[in-house]
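Visitor: I am new to reading protein models. Please take me through one, feature by feature.

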Amino acid sequence: MSVSVDAACQATTAPLPVLGHDVTVPLVTGGEVTYAALDYAASAPALQRVWDDVAAYAPYYGSVHRGAGYLSQLSTDLFENSRVAVAEFLGCRADDQVVFTRSTTDSLNLLAAVLPAGCEVFVFETEHHASLLPWRDARVTYLDAPRTPAEAVAALERALAARAGDGPALVCVTGASNVTGELWPVRELAAAAHAHGARIVLDAAQLAPHHPVSVTDLDVDWVAFSGHKLYAPFGSGVLAGRADWLQAAEPYLAGGGASRTVGRRADGGVDVEWHTTAARHEAGSPNVIGVYAIAAACKALTEAGFDRLVAREQRLVARVREGLAEVPAVRVLSLFGDDAPRVGVISFVVEGWNSSHFAAALSAEYGIGVRDGLFCAHPLVRTLLGSDPQTQGECGSPEAAPGEKSLNAIRVSFGAGTPDEHVERFVGAVKELVTEGARWNYRTVDGRCVPAV
Ligand code: PLP
């Protein structure tokens, strides 16, 4: 039976069952409550379907690419079929390669390692550190935080037009911000990059779990994402896209699996012929469980109907934003403004509260798991906070007094496994904490704000 987008949008239960939905946690104030996991942007819970598929495969687990035995052949087939499933999920071109990595960070570091000589890199300062930092051997232009999507495109156009010569260039951009949840104008940035002879890689760590991604439609050259944010927490990631730079470069890791043949030379050294497939960058025994889990998640999201997942998530986004807007002390962080399209990732500060203290109280008194800090996007969060602290605030240190700038922020994030109740509990808790204050004392231990026992 198919479910209409409208009906799915109204559903108050999570559209996709996840593990941990019935886990209870203790409250400092007494009793227990089911855990409200609202930190999907860090790591999403595993889809039940992913877990079931992995459990069904586990007895058949065997070595990949090497063994002659039946289970090795089965595992190799599953591994290679997972590549096909991921390519389909990402709408890849026929000649794209899907390389399995450990994570988005690993994928972008792999791309950084295969940049052609002299490649220039263009990246906005607003990126997650995984996109901001891997380009250590390239000449990098860091673009200032734009205040509208159009400004982002114009800034990139200007920077690319100003580059000397027409050597290789790469633009790295996120699809959805891990701080504001706002969508970036990926298609337009890709067109600008290509118009200036540059290539573009999409950091889809936050986009892929919330939104269909099509390499072909967006016309990006590569896309990177992580399994653990896509409901497949088994330590694997993906870099998919153009084969030429990948195959022209030395392997990311040297070792078995990446090499086709190895022989001794007359001079005593060794000669290596490397693979020219994705295997070139997958040396070592691959994480077949992690890869299979990603493929299972891709299939589950597609089969559930991404448009109905998006529609329901958008209703939750609207509910959280409405609820926060009713609390005058709350300021939601945004780069592109209220009307910008966004996914279920929302960061905010509360006047008069240290964010770590607020997050600790949400956990200890309401059983709600959010994240506090600068979210591995320090330049962006500091720009949004209007502060430039060298250190993060601690809950034991003086809280930001009314009118003072916050040192860090709180992030709430959710997705296909989130029931309405978690969002309602969160909105109610924010209101109650702001109006009535915390019911417990907190102190800093090892840099974390925790309830004082
Ligand atoms: N890019 C973005 C936008 C992210 O939000 C994250 C993680 O939070 C990453 C990259 C890095 O992902 P991973 O830690 O899985 O490598």
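Guide: Begin with exposure. Buried means under 20% relative accessible area, exposed means over 50%, and partly exposed lies in between (1.4 Å probe, protein chains only). Take Trp51: at 41% relative accessibility, it counts as partly exposed.

Visitor: What kind of model is this, and how are residues numbered?

Guide: This is a predicted model: local features need pLDDT of at least 70, side-chain atom pairs count only at pLDDT 80 or more, and totals for chains, interfaces and linings use all residues. Residues are numbered from 1 along each chain as its sequence is written, and side-chain values use heavy atoms, with hydrogens and water left out.

Visitor: How do I read domains? Which domains does the assignment give?

Guide: Domain bounds come from an automatic or database domain assignment. Here that assignment gives domain 1 (7-45 + 305-451) and domain 2 (49-303). Their C-alpha centres lie 30 Å apart. Contact means heavy atoms within 4.5 Å. Domain 1 puts 40 residues into the contact, and domain 2 puts in 34 residues.

Visitor: Now the sheet. How many strands form it, and in what order?

Guide: Strands of a sheet pair through backbone hydrogen bonds, either parallel or antiparallel. Helices (H or I, at least four residues) and strands (E, at least two) are DSSP runs, numbered from the N terminus. Two strands pair if DSSP finds at least two bridges between them. In this model, seven strands make an open sheet with mixed pairing, in the order E4-E10-E9-E8-E7-E5-E6. Strand E4 (97-101) and strand E6 (139-143) are the edges: each pairs on one side only.

Visitor: How is the twist described, and what does it average?

Guide: Axes are lines fitted to C-alpha atoms, for helices over the stretch in contact, and angles run from 0 to 180 degrees between N-to-C directions. From one strand to the next, the twist averages 20°. Helix H7 (residues 186-195) packs on the sheet. H7 touches E5, strand E7 (169-174) and strand E8 (199-203), and its direction makes about 155° with that of E8.

Visitor: Which way do E5 and E6 run, parallel or antiparallel?

Guide: Parallel, with five bridges joining strand E5 (residues 120-124) to E6. One example is Phe124, whose bridge partner in E6 is Leu143.

Visitor: What is a nonpolar core?

Guide: In soluble globular proteins, nonpolar side chains tend to be buried together. A nonpolar core is a set of buried Ala, Val, Leu, Ile, Met, Phe, Trp, Tyr and Cys residues joined through side-chain atoms within 4.5 Å. The largest one here has 88 residues. Among those with the most contacts inside it are Leu156, Leu202 and Phe225. Helix H10 (residues 288-304) gives the largest share, twelve residues. Domain 1 and domain 2 each supply at least three residues to this core.

Visitor: Which residues does Leu156 contact?

Guide: Set aside its neighbours within four places in sequence. Leu156 then contacts Phe122, Phe124, Leu143, Val171, Leu189, Ala192 and Ala193. There is also a second, separate core of 33 residues, which includes Leu316, Phe358, Ala361 and Ile368.

Visitor: And the aromatic pairs? How many does a search of the whole structure find?

Guide: Rings of Phe, Tyr and Trp (its six-membered ring) pair if their centres lie within 6.5 Å; planes under 30 degrees apart count as stacked, over 60 as edge-to-face and the rest as tilted. The search finds twelve aromatic pairs. Trp51 and Phe234 are a stacked pair, 5.8 Å centre to centre with 25° between the planes.

Visitor: Where is Phe375 found, and is it buried or exposed?

Guide: Phe375 is in the loop between strand E16 (371-373) and helix H13 (378-385). Phe375 is buried, with a relative accessible area of 1%. Its phi is near 55°, a positive value in a residue other than glycine.
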